[in-house]
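Let's walk through this model together, starting with the overall fold and ending at a pocket. Please keep the structure open as you read.

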Amino acid sequence: VNAAWSAFCAALALHSLRACWMESWQKGLRGMLAHVSKHILAAACSLPYVRSIVDREVGKELAAIEKKMHGNGDSQAMVTLPHEAMSSSEIWHQIQELHAAEASVYVGVAKKWAGIYHSPDGELVDLQNRVWSLYNCSNTLYEGVFPSVRKFEAELISWVLHLLHADSG
């Protein structure tokens, strides 16, 4: 085992020296240090003990991120279809309650506005709702069936290109 380890270390050292020489020749001392660091880190991370530590720490971080994003889950989630149908007013009431809880988190707090594009009230929202009602039961990806949507899309793209001073060619 010691002879194999010594041979491995010697081969790694020769490879690193050759790579360092080429790196230093091409990119100077900074490039050489970056190259050596990269190879040392890769060699260390390939060792089973180090790999297990890294995997365990990555798993902890991913679990913490998931818990932060999803919390402890939703104890009231309906994961199967209910045995009896709910009325549309019951469904609407539940949706309004959930939305009100979300709104209390982001309304008036500037740092929570990342996913909100504009105020939920006003003429723009009314127009969006009317247009949505025309197409909400359709797959508008079929431009042959919905040429109007293709027209709207082309116009919007043209407007954005114009706003960004894109080349007309």
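Predicted model: local features only at pLDDT ≥ 70, side-chain atom pairs only at ≥ 80, totals over all residues.

Residues are numbered from 1 along each chain as its sequence is written, and side-chain values use heavy atoms, with hydrogens and water left out.

Begin with the fold. The chain has 5 helices and 0 strands, giving the pattern α-α-α-α-α along the sequence. Here helices (H or I, at least four residues) and strands (E, at least two) are DSSP runs, numbered from the N terminus.

How much of the chain is buried? Of the 169 residues, 8% are buried, where buried means under 20% relative accessible area, exposed over 50%, and partly exposed in between (1.4 Å probe, protein chains only). The accessible surface comes to about 15200 Å², and 64% of that belongs to carbon and sulfur atoms; these areas come from the Shrake-Rupley method with a 1.4 Å probe, and for residues only the protein chains shown count as cover. Among contacts with a separation of 6 or more, 6% are between residues 24 or more positions apart, a contact being heavy atoms within 4.5 Å.

Now follow some helices. Ile40 sits in helix H1 (residues 2-46) and is exposed, because its relative accessible area is 54%. Its C-alpha atom is 8.8 Å from that of Ser16, 24 residues away along the chain.

Helix H2 (residues 48-70) has 23 residues and should span 33 Å at 1.5 Å a residue, which agrees with the 32 Å between its end C-alpha atoms. The expected span is 1.5 Å times one less than the number of residues. After H2 comes Gly71, with a positive phi near 65 degrees.

The 17 residues of helix H5 (residues 147-163) should span 24 Å, and the end C-alpha atoms are 24 Å apart, in agreement. In the segment after H5 lies His165, which has a positive phi of about 55 degrees although it is not a glycine. His165 is exposed, with a relative accessible area of 72%.

Finally, look at the largest pocket, which is lined by Asp74, Gln76, Ala77, Met78, Ile91, Gln94, Ile95, Glu97 and Leu98. On a 1 Å grid over the protein atoms alone, a pocket is an open set of points where a 1.4 Å probe fits, with protein on both sides within 12 Å along at least five of seven lines; lining residues have an atom within 4 Å of a point.
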